[in-house]
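Open your viewer and get a cartoon view ready. We will take a short walk through two places, selecting as we go.

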Amino acid sequence: MRASDLLAMSLGNYTRARLRSALTTAGVAIGTALVVLLIALATGAENNVRRSIFSIGDLRLVTVQPFQPGASGLSAVPRTITDDTVTQFKRIAHVDGVYRQFDAPLGTVVEGGEDATIRPQGIEPGAPVDRGDLLAGRHLAVGDRAVAIVPGNLARIIAPSAGGAVGKRVTMRIGGAVKLGSTRIGGSGTPRDYALTIVGVFDEQASQTSMRIPLEDALAAGAENRGLTPDALRQGTGYSGIAIEADDSQNVAGIVRSVQELGFSSFSLKQVVEQIDQGFGVFRGILAGIGGVALLVAAIGIANTMVMSVLERTREIGIMKAVGAAPRDIRTLFLAEAAYVGLFGGILGLALGVGGGQVIERIIRDLNPRANPAAIFVVGPDLALGALALALVVALVAGFLPARRAMRMSALSALRYE
Amino acid sequence: MSTPLAVEAHDLERVYASGTATVAALAGVTLAVRTGEFVAVMGPSGSGKSTLLNVVAGLERPTGGTIRVGGEDLTKLDEEALARHRSKRVGMVFQAFNLLPRYRVVENVALPLAFAGTGRAERLARARALLERLGMSARAEHRTNELSGGELQRAAIARALVGEPAILLADEPTGNLDSANGAALIALLEELHAQGQTVLLVTHDAAIAAQAGRTVRMRDGRVVD
């Protein structure tokens, strides 16, 4: 029998049994809609979490800490990061840049009064922390000495505005007593003053760092504070941290491993994201399973309906066989009827899922006007096609045994059936 | 005579198990029907006449002996080939009409061609032509539940003929018809025979059998004289 005739005949049978077809199709539609809704919402939730993570920092960064890998917090074992270590880091595959950091001791900016406590962070020009938009001025450049890039709140204490602070000369006092919040902390060593020119101002909301100064200045201040030479400080205390930039976020895992092998612990946003991805993967799997149960129920409904349909049409099957229907034709006829249930149910379910999702998203946004999340409900082409394919497969599997039974019926006994 | 044989059965057997006993519906039937003949097979209930017809139609497989229809050895055909045999080489008319209830008359008549793979336009055209030939054009587009018994059986004959079969098989075709319609139906079969159609008719009614060119009598699964 021609494929077009088979499909037309099945479609005719499908549409003729109006109520029955409507019910089985509705079952598939509900199951499909559930699968679509749940997975779309999970995808939206994942996207929102990733978006907030991405805003925290660059995924290509690996921050190396002067501790051994493993334990963290109070039980962390310190390790010194020396220039030799830096050379080793530079040799790791896929490393684009290695940037040294040294945190000078706590101090104040004299012109800002006793509230202007700072933790000067010594960095190299081009370091990842000193990128991004500034409120005013410029970033650290090669060869800079006795300069600083300060946060906006500090700039506003010194000058009337952020822009006004650029070019101002200030005094950084390292080593004296400082005020942290409402606590006074006794200083370490003799307070020493250093003259600095502010060259840039950054938005304190966007960055956690206190004040950025050239690495050499930080090392010099730290050394003087302890009565050491900068070289002795490098070898003895070592750097406060290293920022390693990977050429691509895919290579971060490898770099983290290499750093671990060299004996240091590190932190990378990429690994946090990977954990989250894993977590969401499991989450999506669970939701798909729940939706799958709904589809399973629909499948059982289809199978039951088809068994009854085959039984009711026993005579009809006998007649068709008597006038020349091949066994395979009969099976295809019934499988195609099941396929129509899956196809129309899948399409309807997809529409319901997408529509329902839009409604839910609208409601959530209306209830939370201040939050502005990324799309809460995401239906990509894979989800849409996957859901349709799933509905179709479920229907075909459900219809397989009834169709086979119809195929195997003896024509003569079928003809005698009342 | 060198006229090819429409049906050639030799020692045909059809045995099946019924509980612990075996029943021989056909116990060695030898029969030949020449092309263009109108043969009636007569016998009481249980004589095996319907089984014989079913074997010729390819609806039942013999358990012994040989059967050739239109030159084709049916015992060598698989299920798919037997299905083609039923759509092209034979056409069957049943006592209970056996038309599909939810389809129109013309669709029913065209059905064997649909299973034979003929395109829609062509098979509907051939169906309509046949219905015209049998005087049924007026009913062509009606659904089968709107037809009387006599009309249904005529439509069934049209369906049996649409594939231009070598042989038209009829199993008690007048069984569900009143005497007037029954007579009209046999007259139709005679007319078709006169136009060259080979007909094999099964009946328990001697009067109907007399209308055929030759009668074969069966009893207990065998041909008797």
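This is a predicted model: local features need pLDDT of at least 70, side-chain atom pairs count only at pLDDT 80 or more; totals for chains, interfaces and linings use all residues.

Residues are numbered from 1 along each chain as its sequence is written, chains are lettered from A and ligands numbered from 1 in the order in which they are written, and side-chain values use heavy atoms, leaving out hydrogens and water.

**Stop 1: the sheet in chain B**

Select the open sheet of six strands in chain B, whose order is 6-7-8-3-9-10 with mixed pairing. Strand 6 (90–93) and strand 10 (222–224) of chain B are at the edges with a single partner strand each, so one side of each has no neighbour in the sheet. On average, neighbouring strands here are turned by 25° against each other, direction ignored. Strands are DSSP runs (E, at least two residues) and helices likewise (H or I, at least four), numbered from the N terminus; two strands pair if DSSP finds at least two bridges between them.

**Stop 2: strand 3 and its partners**

Now colour strand 3 of chain B, residues 38–42. On one side, strand 8 (residues 198–203) of chain B pairs with strand 3 in the parallel sense over five bridges; pick Phe38(B) and you will find its bridge partner Val199(B) in strand 8. Strand 9 (residues 214–219) of chain B also runs parallel to strand 3, joined by four bridges. There, Val39(B) has Arg214(B) as its bridge partner, and Val41(B) stands opposite Val216(B).

Are the faces of strand 3 of chain B covered or open? Both are covered: Phe38(B), Ala40(B) and Met42(B) on one side and Val39(B) and Val41(B) on the other are all buried (under 20% relative accessible area with a 1.4 Å probe, protein chains only).

**Stop 3: two helices in chain A**

Next, select helix 9 (residues 269–312) and helix 12 (residues 381–408) of chain A, which pack at an angle of about 30° with axes 9 Å apart. The axes are lines fitted to C-alpha atoms over the stretch in contact, and angles run from 0 to 180 degrees between N-to-C directions. That makes helix 9 of chain A roughly parallel to helix 12 of chain A (an angle under 35 degrees).

Show side chains at the contact (heavy atoms within 4.5 Å): residues of helix 9 including Leu295(A), Ile302(A) and Val310(A) meet residues of helix 12 including Leu390(A), Gly399(A) and Arg405(A).

Technical notes:
Angles under 35 degrees count as roughly parallel, over 145 as roughly antiparallel, 65 to 115 as roughly perpendicular and the rest as oblique. Buried means under 20% relative accessible area, exposed over 50%, partly exposed in between (1.4 Å probe, protein chains only).
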